[in-house]
Structure formats: C-alpha cells, structure tokens
Amino acid sequence: MTQNLVNRFGKVAVLMGGASAEREVSLMSGTGVLTALRARGVDAHAFDPAERDLSELKREGFSRCFIALHGRWGEDGTVQGALELLRIPYTGSGVMASSIAMDKVMTKRIWIAEGIPTPRYQLLRRGSYQREQVIQVPDSLGLPVIVKPAREGSSIGVTKVMGYSGMVEAVQAAAALHDDILCEECIEGDEVTCPVLGEGENAHALPVIRIVAPEGNYDYQNKYFTNDTQYLVPAGLPPGEEEAIQALVVKAYRVLDCRGWGRIDVMIDRKTRKPYLLEINTSPGMTGHSLVPMSAKAAGISYEDLCLRLLENTSLDGELAT
C-alpha cells in the first residue's frame, strides 16, 4: 500500500473501550490496531466513546473510524448509526447487520429461515418465565445445555449446564446481563471458527482455526488471559470439511448483509461431523490472543496489513468511502 493511499485515509479515530462488559478486551484490541496503523504511517488516534462525546469526532476533523469496540454500544448498530448521522465512514458492518448479528436469537431466526444449520434453542425472557419452565428446558434440548445472554460476547455470562439443578443459577447469571436468555442445545465435538473478509460476492473466508481449550472450556479467561488454549491452523480437519465450513460461513455472512469483516463460530458434531453455526462477530477481537489476525497470518496477511485493508474498506450504508 503506497504512502499516497495511506495519506488519503486522513485523520483516523480508533474507537476503543466503550461502556460494554467487553471494555477491557476492546482496550486491548484498540491498542493493537492503533500501534499497527501508526507503524504504517496512518494519522491514527485513540478515541473512547465512554469518555468523550461522539460529536467530537466531527469537530476534531476525523475522516474515518476503525471500530475496535466490542459488545453493546459498539458492535450492535448503535455507534454505527451515530457515525452514519455524522457521515464518517467506519470499518465493519452497517447498522442493520450489526444490530441483527449482535442478537444471537435474531441471527438464529434468519439462519434457520435460510436453511443454515444452528443448534436448537429456547428463548426465555426475564420476568416472564416461571421456575418450572427453567427447570424443564433440558427436557426439550437435552443435557448438557448452554445458557447465555442473547446480546453479549466474549463468552460473558455463558454457562454449560450439566444437570437440571444448575438451570436456575445459569439463567439468573445470564438474566443479569440481558433481558433475553438463550438456552441452546449443546453440540459436542470440534470447536472451530472462521473469519470472513469483504462484502457481497467479494466476501471470502480465511483459514479455519480449530480451538482446543482446557477441558473444553473456552471461556472469557481462556480466550484472553491464559496461554493454555491451543489454536490449530491448519485446523487438521478431515478432507473437504474446511472447504465446506468456509462455504457455509460465507453464506451465513452474506444473508445477514455483513461487510468489511466478521468471524463465525462453529461446532462440528463429533458423531455426524455436521457443522452447526453458533454466532457471528461483526467487530472481532484484535488482541494478542485474537483469532482473525491468527487466521489472516496463516493466509499470508500480517496484522498491520489486515488493519490497513479493513481501514481501506471503511464505508457508510449505501456508499463507499473515497
């Protein structure tokens, strides 16, 4: 990428931090992105929406935003909508796609309508369910069952329930974070993830990563703060499986009208080898433990080049940045 093109980026804000439960991870992602962009000569600056009003972006002359926010108020269409009003192009998906993708239940409904496999589920709404309903969830979904808030990321509030007695506590933990609680069939088998770059017909998958976490517990701690989790790329899957998963995640990405980048988490049933899509992240992590940079590296794309590519594709809904 030439210096002339880098200069065309103008003054760039790296949005990081924010007010979500994933603030700590976002600060790590944003710091990595900021360092990478500056190393390539970009006039990049940190901007924390939890500490500054977004209107300052316009007053201070920022021409593009790299969104390194995670979770609510950063990945859910809210900051995207604000940037649309300010007419400042940004990285990643637009308002509608971001909002839908952040909601695991809405994502599932669309994927199911499009014939994309995802684990069976049951939705509970805080304040509208009885204890008896909670305890009976495993009757329809089996055990173990996964319980999580419908609109959080980074495995925050997620519980793998092994027996009926654990249901109430798991639902309470999820309900403390969001009104909608997703109870999901647990698919036992290989856990993989696959990033996607681009938009529409130009969207393409990066290499699949297979995740081997201690005791199969890929939780918040094992994602970001330990070195005990193994990330295998090449994933070492049976012949043809990686290509099939890549095709499936690109389809799932397109039907949600995502753009820029994303990462889709998948479970492969141990017995049938059928893949089930869990969720999509439209503002993935960019920390030292994050998976999109890892997959990109396996495809020959450095961390710095990945950041520049994403910044080059900043846009607004319905138009490309110039």
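Analyst: Happy to! Let's begin with a rule: a charge sits over a ring if NZ of Lys or CZ of Arg is within 6 Å of the ring centre and within 35 degrees of the ring normal. This is a predicted model, and in it the charged end of Lys 11 sits over the ring of Phe 62, 4.6 Å from its centre.

User: Why is the pair of Phe 47 and Phe 62 called edge-to-face?

Analyst: Their ring centres are 6.3 Å apart and their planes stand at 85 degrees. Centres within 6.5 Å make a pair, and planes over 60 degrees apart count as edge-to-face, so both conditions are needed for the label. Phe 47 and Phe 62 are each buried.

User: What makes this pair a tie between parts of the chain?

Analyst: Phe 47 belongs to strand β2, while Phe 62 is in the loop between α3 and β3, so the pair ties together parts 15 residues apart in sequence.

User: How do you know that Phe 66 and Trp 261 are edge-to-face?

Analyst: The planes of Phe 66 and Trp 261 are at 70 degrees and the centres 6.3 Å apart, so the pair is edge-to-face. It links strand β3, which holds Phe 66, with strand β12, where Trp 261 lies, 195 residues apart. Phe 66 and Trp 261 are both buried.

User: What lines the largest cavity, and how do its residues divide?

Analyst: The lining includes Trp 261, Ile 67 and Glu 75. It divides into two nonpolar, seven polar and one charged residue. The space in this largest cavity is about 50 Å³.

Methods
Residues are numbered from 1 along each chain as its sequence is written. This is a predicted model: local features need pLDDT of at least 70, side-chain atom pairs count only at pLDDT 80 or more; totals for chains, interfaces and linings use all residues. Side-chain values use heavy atoms; hydrogens and water are left out. Rings of Phe, Tyr and Trp (its six-membered ring) pair if their centres lie within 6.5 Å; planes under 30 degrees apart count as stacked, over 60 as edge-to-face and the rest as tilted. Helices (H or I, at least four residues) and strands (E, at least two) are DSSP runs, numbered from the N terminus. Buried means under 20% relative accessible area, exposed over 50%, partly exposed in between (1.4 Å probe, protein chains only). On a 1 Å grid over the protein atoms alone, a cavity is a set of points where a 1.4 Å probe fits but cannot get out, and a pocket is an open set with protein on both sides within 12 Å along at least five of seven lines; lining residues have an atom within 4 Å of a point. Grid points are joined across faces, edges and corners, and a volume is the space filled by probe spheres set on the points. Ala, Val, Leu, Ile, Met, Phe, Trp, Tyr, Cys and Pro count as nonpolar, Asp, Glu, Lys and Arg as charged, and the others, Gly among them, as polar.
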